[in-house]
Amino acid sequence: MNAQLRNRTRRRTLEPQATALLAGPASDPTAAEPLTDLCFQLIDAGFMHLAIRIGERAVSCANAGSSLGAQAWACLRFGEALSWRRDERAVPQLELAVVKLRAVLATDPDNPTYLRDVGIGLGTLGNAYRDQGEFGRAVEALTESLTHHRAVLATDPDNQKWANEFKQVERDLRDAEEG
């Protein structure tokens with residue numbers, strides 16, 4: 001199956017899910033996580049316009065009463081979708097996500113999942129800074145992201161997914177340093 005056909009097939013499965021979730025109330029905290037997950041799938045599939053709509057709804061639902069972690073991930077995915085479209089709302093949304101992710105980490109500073117989450121948030125924020133030409137801020141965020149990813153990888157050096165994430169942040173940091 002070629003990539004174009006795969007993309008059309010994926011779109012046919014994601015669009016009805018998006019339509020159904022957008023038809024629900026904008027303040028349902030139980031919808032936050034499914035919306036956030038769908039936002040990520042839409043980003044991954046390259047459907048940024050729909051990802052932004054879903055991400056915005058995810059944030060609205062999460063802020064209506066979801067956990068701080070769910071709020072952070074909704075902000076992060078919404079900000080990521082905005083960043084792909086070079087939308088000026090991306091950086092403030094990603095900065096808010098990082099603040100919330102750091103607050104979650106503060107509850108259990110040695111938790112590898114929380115460390116990784118902050119690393120992912122900082123990496124995404126750093127790339128958004130880089131895309132806006134703010135190379136100093138990009139290097140700062142990506143350096144901190146690398147520190148978090150290094151700590152996560154130290155807890156399980158054989159975890160290939162974590163090793164790949166670490167290498168990606170290293171590449172992103174080099175790109176930002178080169179400006």
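**Overall build**

Guide: Of the 179 residues of the protein, 47% count as buried, where buried means under 20% relative accessible area, exposed over 50% and partly exposed in between (1.4 Å probe, protein chains only). This is a predicted model, in which local features need pLDDT of at least 70 and side-chain atom pairs count only at pLDDT 80 or more, while totals for chains, interfaces and linings use all residues. Residues are numbered from 1 along each chain as its sequence is written, and side-chain values use heavy atoms, with hydrogens and water left out.

Visitor: How many helices and how many strands does the protein have?

Guide: Helices (H or I, at least four residues) and strands (E, at least two) are taken as DSSP runs, numbered from the N terminus. Read along the sequence, the pattern is α-α-α-α-α-α-α-α. The count is therefore eight helices and zero strands.

Visitor: What radius of gyration does the protein have, beside that of a compact globule?

Guide: The C-alpha atoms fill a box of roughly 40 × 40 × 35 Å along the principal axes. The radius of gyration is taken over C-alpha atoms, and the globule rule is 2.2 Å times the number of residues to the power 0.38. Because that rule gives a value near 16 Å for 179 residues, it agrees with the radius of the protein, 16 Å.

Visitor: How far apart are the end C-alpha atoms of helix α6?

Guide: The expected span of a helix is 1.5 Å times one less than its number of residues. Helix α6 (residues 112–131) has 20 residues and should therefore span 28 Å, which agrees with the distance between its end C-alpha atoms, 28 Å.

Visitor: Which residue caps the N-terminal end of α6?

Guide: Of the 20 residues of α6, 15 are buried, so this helix is largely enclosed by the rest of the structure. At its N-terminal end, a side-chain oxygen lies 2.8 Å from the backbone nitrogen of Thr113, and the residue that supplies this oxygen is Asn111.

Visitor: How many residues of α4 are buried?

Guide: Helix α4 (residues 68–84) has 17 residues and reaches 24 Å from its first C-alpha to its last, close to the 24 Å expected. Just after α4, Arg86 takes a positive phi of about 60 degrees. The helix itself is mostly covered, the buried residues among its 17 numbering 14.

**Side chains**

Visitor: With which side chain does the side chain of Arg137 make a polar contact?

Guide: Arg137 is in helix α7 (residues 135–155), and it counts as partly exposed because its relative accessibility is 40%. Not counting residues up to four places away in sequence, Arg137 touches Glu95 and Tyr129, contact meaning heavy atoms within 4.5 Å. A polar contact is a pair of N or O atoms within 3.5 Å; within protein, one must be able to donate a hydrogen and the other to accept it, and residues adjacent in sequence count only if both atoms are side-chain atoms. The partner of the Arg137 side chain, at 2.9 Å, is Glu95.

Visitor: Which residues is Leu21 in contact with, leaving aside its neighbours within four places in sequence?

Guide: Leu21 is found in helix α1 (residues 3–23), and its relative accessibility of 25% is why it counts as partly exposed. Its C-alpha lies 9.3 Å from that of Leu38, 17 residues apart in sequence. The residues in contact with Leu21 are Pro34, Leu35, Leu38 and Arg57.
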